[in-house]
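Reader: I am new to this one and would like to go through it step by step. Could you show it to me before I start asking?

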Amino acid sequence: MLEDLLRDLFVEGFKKKYGVEPLLKAVSFQKTRPEFEGDFTIVLFPFVKLAGQRPEILADEMGKIMMNECDFISKYNVVKGFLNISISDKYWISFFEQNYKDDKFGHKPVVGAPVVVEYSSPNTNKPLHLGHIRNNLLGWSVSEILKANGENVVRVNLVNDRGIHICKSMIAWQKWGNGCTPESTGKKGDHLIGDFYVMFDKHFKAEVKSLLPADFDTLDDDAKDKAVATAEEQSPLMRETREMLRKWESGDKEVRSLWEMMNSWVYDGFDVTYRRLGISFDKIYYESQTYLLGKSIVMDGLAKKVLYQRDDNSVWCDLRDDGLDEKLLLRRDGTSVYMTQDLGTARLRYNEYKPKKLIYVVGNEQNYHFDVLKRVLIRLGYEWGSDIEHLSYGMVELPSGKMKSREGTVVDADDLMDEMTETAKSVSEELGKANDLTPEQAENLYRMIGLGALKYFILKVDPKKTMLFDPKESIDFNGNTGPFVQYTHARICSVLRKASESGFAMPNKVEIVDLMPLEKNLLLNIYGWPSVLEQAAINKSPAMIANYIYELAKDFNQFYQGCSILREECVEKRNFRLQLAAMTARLLRNASGLLGIEMPERM
């Protein structure tokens, strides 16, 4: 990388001039601000004391030294303590010539031990919703970014297909379903089961309310909480649900048969949603297949006295020495909790892949859970527990507030994708974006724009931040949106088509000798792609990719407005600009592909 060469040049020059060697990592570069001349800027203030010079003098002296020692530095200028360096056109043209045909520019070959990335992790008691969309898009995109940086990625999904929440939907279907099926109702299986989950909650709340004492409203807050807890414990509906869970864990044939049937409906529904999102996995795990391994791990830990059992037979891990608390691993009736199956799943994956990293893409409300998981594994003797990484992300909120699955106030993933596609159709038709397309091409375009807008809007936000999703704001052909990037790509494709129709052949070599400022600015942005891709992998942040393609699209549009392409009379300049446009389009496709966004060729 050019920055590495400049960094070494700075350190050697500084050492010769001032007799001391600055830390290599202290020499940082940034793109020169547009109001100043230059390509890269070095901040000199960290080295003022070391050199014993005023910032302006230090910058000027280092500029002279570096320019004398390097033939690709064409000039420099000083703005206070900032050294702005200009790189020669010859260097940039050479860089372009070496890379403009590279379909995988910036990508690294895949090597090394696997990195296992878990994402999605749905429950089989409800359909995927907006929160799942962020999880799936983030997990899939981070996997793609890691792969592009040479990591051997294995994408996995853990389906939460057992537990008390699953039994709630099953009980509701038994009581109020009247034998209905996805076929008889015309509903996707995951939607149908989700309806019964909501139905259970409504009946349960009504039952709890009927069990509260008559003087409930006169009680203080503590007394009210105790009364509610007692009513929930006494609820016949909840007792029946807990009994179903015990039967399931004991292998009751009738309960297992119902469970298999209802889960199969949900899986069929999930598959449709995953395909629409463009999401896939290398392997799917099921909690029903891992919880027993987790229970055996817990019992082994109990035998080794790493864990302890209370008088009610529940099993716990005491983490108070680590500044945490005591963690339940098995309930008093012997049934498992989330932590139990996570222990089993983690060991299963480690034995299967021997990964160097186990990454879990899970919302930030589970930060404590994964801190405990790592510590419990290490306590149990699994040192690789320290290789677990929780990729924590913020929740998705709506202008109307938070979503709640059990109350049926979630934004369904399928409904949202339908809405995004319809909005894209409405906006596109209003702007005439599909006038020259066949009906089939137009429908495909609306899908690409709608899903591209959704994915870009979700992924452009730093994963750690809670985000507010506004569907209408996401579909805009101007501004920091997916459709703006897509339209830029389509514009480039249009230019390239017209060039071909005009008989302008794309040469195999670069023949230009100097650059216009807008050409150079676009080249600088392209040059920065490998570094952005690397940092996005380090930070596991698709937002860095989204920000990059937005800036690249903006730079191309400035170049397009300021530099004639097809009407340029100089053949060498016209050819170079066509080559530059083609490389920009390819980079937009490749970078957007890491976010799962398709780039249309016509709009």
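This is a predicted model: local features need pLDDT of at least 70, side-chain atom pairs count only at pLDDT 80 or more; totals for chains, interfaces and linings use all residues.

Reader: Okay, pockets to begin with: what volume does the second largest pocket have?

Author: The second largest pocket has a volume of about 1100 Å³, and its lining is made up of 38 residues, with Lys31, Thr32, Asp39, Asn521 and Leu524 lying nearest the centre.

Reader: And which helix gives the most to that lining?

Author: That is helix 19, which contributes 7 residues. Among the other elements that give two or more residues are helix 1 (2-18), strand 3 (73-79) and helix 21 (542-562).

Reader: How do the residues of that lining divide into nonpolar, polar and charged?

Author: The lining of the second largest pocket has 14 nonpolar, 13 polar and 11 charged residues.

Reader: Switching topic, which residues touch the most other members in the largest nonpolar core?

Author: Trp92 and Phe469 do, in a core that counts 150 residues. Helix 16, which spans residues 439-459, gives the most to this core, with 11 residues. As a general background, nonpolar side chains in soluble globular proteins tend to be buried together.

Reader: What is tryptophan 92 in contact with, leaving aside its neighbours within four places in sequence?

Author: With those neighbours set aside, the contacts of tryptophan 92 include Leu2, Phe40, Ile87, Leu515 and Tyr527. Asp39 and Leu524 are also in contact with Trp92, and both of these lie among the residues nearest the centre of the second largest pocket.

Reader: Which residues belong to the other core, the one of 32 residues?

Author: Val315, Val372, Val376 and Leu380 are among the members of that other core, which lies apart from the largest one.

Reader: Where does valine 315 have its bridge partner?

Author: The partner is leucine 330, in strand 10. Strand 9 (residues 315-318) pairs with strand 10 in the antiparallel sense over 4 bridges, and the two belong to an open sheet of 3 strands in the order 8-9-10. Strand 8 (308-309) and strand 10 (326-330) are the edge strands, each pairing on one side only.

Terms used
Residues are numbered from 1 along each chain as its sequence is written. Side-chain values use heavy atoms; hydrogens and water are left out. On a 1 Å grid over the protein atoms alone, a cavity is a set of points where a 1.4 Å probe fits but cannot get out, and a pocket is an open set with protein on both sides within 12 Å along at least five of seven lines; lining residues have an atom within 4 Å of a point. Grid points are joined across faces, edges and corners, and a volume is the space filled by probe spheres set on the points. Ala, Val, Leu, Ile, Met, Phe, Trp, Tyr, Cys and Pro count as nonpolar, Asp, Glu, Lys and Arg as charged, and the others, Gly among them, as polar. A nonpolar core is a set of buried Ala, Val, Leu, Ile, Met, Phe, Trp, Tyr and Cys residues joined through side-chain atoms within 4.5 Å. Buried means under 20% relative accessible area, exposed over 50%, partly exposed in between (1.4 Å probe, protein chains only). Contact means heavy atoms within 4.5 Å. Two strands pair if DSSP finds at least two bridges between them.
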